[in-house]
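Student: I have the model open and would like to go through it with you. Could we start with the charged pairs and then work outwards?

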Amino acid sequence: MSTENIPEGYMRNALGHLVPVEQIEEVDLMRDEFVLRAVQMAREKEDELADFKDRISGDMDAFLDLSAEKYGVKMGGAKGNITLTSFDGRFRVTRDVAERIEFDERLQAAKLLIDRCLREWTKDSNPNVRAVIDDAFQVDKKGKINTKRILALRKLKIEHSIWQQAMDAIGAAITITGSCVYHRFYERDEQGRYQQICLDFSGV
């Protein structure tokens, strides 16, 4: 909410009303001051992280291009996962490229085919089989299908013509909508295991 056009000696409340400062409880003023200060600090850190991310991405690309030039080639185009380790093995930097996967309407056709299999298989068997399959097709609070659970179905070794049709339909329904790049940083502990350096506020 904009703080422009607020007369001196007034503050705007959550409903947009102007309230004289002298009518506001001291604890409310203190809370407001704390929240504004905390949010400002968070914004500054957000900007720092964004700059850090851009710098790391650019520096890694530059290093990879320089390394490739030693062999007379150019990297160019999309670059995939890579791990770089310090000379003494203590530190490690990784870049992971994860594709964003969505499913088109053919996923519903796959579900109908799987249901045909289930009706045949679960007549006299454990209903938990259906529960496992139905769980894979459940959507989250945002209405999104759990991609990993759907793709996991394709790894099941089930030799059945209708099931195979369903798996083909899932494969055809896959749409790559983009990719996300993650840079992670690690330090090796005394046991020789690489521990991730946490850049997540909640994990510090």
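Student: Which residue's side chain meets that of Arg193 in a salt bridge?

Tutor: The partner is Asp189, with an N to O distance of 3.8 Å; a salt bridge here is a side-chain nitrogen of Lys or Arg within 4 Å of a carboxyl oxygen of Asp or Glu. Before going on, note that this is a predicted model, in which local features need pLDDT of at least 70 and side-chain atom pairs count only at pLDDT 80 or more, while totals for chains, interfaces and linings use all residues. Residues are numbered from 1 along each chain as its sequence is written, and side-chain values use heavy atoms, with hydrogens and water left out.

Student: Is that pair buried or partly exposed?

Tutor: Arg193 counts as partly exposed because its relative accessibility is 48%, and Asp189 falls in that class because its value is 22%. The cut-offs are under 20% relative accessible area for buried, over 50% for exposed, and partly exposed in between, using a 1.4 Å probe and protein chains only.

Student: How many salt bridges does the structure hold?

Tutor: The structure holds 10 salt bridges, and one of them joins the side chains of Asp96 and Arg184 at 2.5 Å, N to O. That pair links distant parts of the chain, with Asp96 in strand S4 and Arg184 in strand S5, 88 residues apart. Helices (H or I, at least four residues) and strands (E, at least two) are DSSP runs, numbered from the N terminus. Asp96 is partly exposed because its relative accessible area is 25%, and Arg184 is partly exposed because its value is 24%.

Student: And where do Arg37 and Glu33 lie?

Tutor: Both lie in helix H1, 4 residues apart, which is about one turn of the helix, and their side chains meet in a salt bridge at 4.0 Å, N to O. An α-helix has 3.6 residues a turn, so residues three or four places apart point the same way. Arg37 counts as partly exposed because its relative accessible area is 44%.

Student: Staying with H1, what span should its 44 residues have?

Tutor: The helix runs over residues 26-69 and should span 64 Å at 1.5 Å a residue, and the C-alpha atoms at its ends are 65 Å apart, so the two values agree. The expected span is 1.5 Å times one less than the number of residues.

Student: Which residues of H1 are buried, and what covers them?

Tutor: Ile56, Met60, Leu64 and Ala68 are buried in H1, and the cover for the buried residues of this helix includes strand S3 (82-85), strand S4 (91-103) and strand S5 (174-188).

Student: Let me step back: how many helices and strands are there in the protein chain?

Tutor: The protein chain has 5 helices and 6 strands, in the order β-β-α-β-β-α-α-α-α-β-β from the N terminus. Of its 204 residues, 17% count as buried.

Student: What does Leu113 contact, leaving aside its neighbours within four places in sequence?

Tutor: Leu113, found in helix H2 (residues 106-121), is in contact with Ile162, Gln165 and Ala166 once those neighbours are set aside, where contact means heavy atoms within 4.5 Å. Leu113 counts as buried because its relative accessibility is 14%.

Student: And where is His160?

Tutor: His160 lies in the loop between helix H4 (147-153) and helix H5 (161-173), and counts as buried because its relative accessibility is 17%. Leaving aside neighbours within four places in sequence, His160 is in contact with Cys117, Glu120 and Trp121.

Student: Turning to the surface, which residues form a nonpolar patch?

Tutor: Leu49, Phe52, Ile197 and Leu199 form it, with about 340 Å² of accessible area together. Patches are made of residues with over 30% relative accessible area and no salt bridge, with like charges joined within 9 Å and nonpolar side chains (Val, Leu, Ile, Met, Phe, Trp, Tyr) within 5 Å. Accessible areas come from the Shrake-Rupley method with a 1.4 Å probe, and for residues only the protein chains shown count as cover. Ile197 sits in the segment after strand S6 (194-196) and counts as partly exposed because its relative accessibility is 37%.
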